[in-house]
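Here is a short report for a reader new to this structure.

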Amino acid sequence: MADHPTGEFAYIDWLRRRTPADPRVPIGPGDDAAAFRLTPNVPCLMTTDMLLEGSCLRHAEAGQRQVGRKAMAVNLSDIAAMAGRPVAAVASVGLPRQGGQALAEELYLGLRDVADAFDTALVGGDTNGWDGPLVISVTVIGEVVPAGPIRRNGARVGDWLLVTGPLGGSIRGKHLTFTPRVREALQLHAAVPLHAMIDISDGLARDVSHICEESGCGAVLRAENIPISADARAMNDGRTPLEHALADGEDFELLFAVDPADARRLLQTQPVAGITLVHVGECVEHSLWLEQAGSRSPLAPLGYEHRLE
């Protein structure tokens, strides 16, 4: 058989030959459904995300393999935000008819790059060709660890807000190359009680507002504390580096709320290798605020939102 597929069924066969056996997956790609094993009596996590050509990506610019990588990584980041452990994934793609076969191969290799790095079995999906642009949707199934999932709704007035890394300017490349903070979330979860957590996909200000809405509180962000990436400082579009850090999104760092005493301990010990935790603000009774040079002003939930006309 030729190494490159020449149609849907040949592509499925090509994919099956490149999908390794996994003891958690007694039935993988090839049947009408996959079967995989989850830990008995452990709640299941499930998340899904869709990338659309022209809205979320431009595969000719990003590179097809990078697009596949991102499609998997954004879902793993959602599992990280719940302090969960990923287990398995399925991927469905709508491929443009022109060049779709080569694109499908590169997407698969990108999906596998990041799935393999986080011990996530790619167990199946669906592939269709059509006259439109690329569409790729990935669903990841994970498990809750014994300490339980971390939701958005547990922040308390007085909690400190910490982030796992610098923010802003992700359009210069980080939106494709970021590392989902799965391992970091699990280490933080083991180190201290996390009250609430979210991955920063829509922008720091907007994602803080999501925690506030779910937790029934407000927050103040301290401008001088917010870690601003070198990419945000290199942007030259009339917006300040701080504005980029607050609103750009797709940093996929973690934002979490913890008791002040636990926060101080984390900041002092920095127990998670490879990242530097930063204290960016606190939870307050109501509203969203930005504090600069000792002066506090209302902060809009800046960031990305998909518009529906």
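Met72 touches Ala89, Leu111, Val114, Ala115, Leu122, Val138 and Val140, leaving aside residues up to four places away in sequence. A contact here means heavy atoms within 4.5 Å. The model is predicted: local features need pLDDT of at least 70, side-chain atom pairs count only at pLDDT 80 or more, and totals for chains, interfaces and linings use all residues. Residues are numbered from 1 along each chain as its sequence is written, and side-chain values use heavy atoms, with hydrogens and water left out.

Met72 also belongs to the largest nonpolar core, which has 52 residues. Met72, Ile136, Val138 and Phe256 have the most contacts inside this core. Such a core is a set of buried Ala, Val, Leu, Ile, Met, Phe, Trp, Tyr and Cys residues joined through side-chain atoms within 4.5 Å. Helix H3 (residues 64-81) gives the most to this core, with nine residues. Helices (H or I, at least four residues) and strands (E, at least two) are DSSP runs, numbered from the N terminus. Another core lies apart from the largest one; its 30 residues include Ala196, Leu221, Leu242 and Leu299.

Buried means under 20% relative accessible area, exposed over 50%, and partly exposed in between (1.4 Å probe, protein chains only).

| Residue | Relative accessibility | Class |
|---|---|---|
| Cys44 | 40% | partly exposed |
| Cys283 | 3% | buried |
| Gly154 | 21% | partly exposed |

How many disulfides does the count come to? The count is zero, where a disulfide is a pair of cysteine sulfur atoms within 2.5 Å. Cys283 is in no disulfide. Its nearest cysteine sulfur, that of Cys217, is 4.3 Å away.

Where is Gly154? Gly154 sits in the loop between strand S4 (135-144) and strand S5 (160-163). Gly154 touches Asp159, His195, Ala196 and Ser215, not counting residues up to four places away in sequence. Ala196 is also among the residues of the 30-residue core. Gly154 and Arg265 are 111 residues apart in sequence and 20 Å apart in space, C-alpha to C-alpha.
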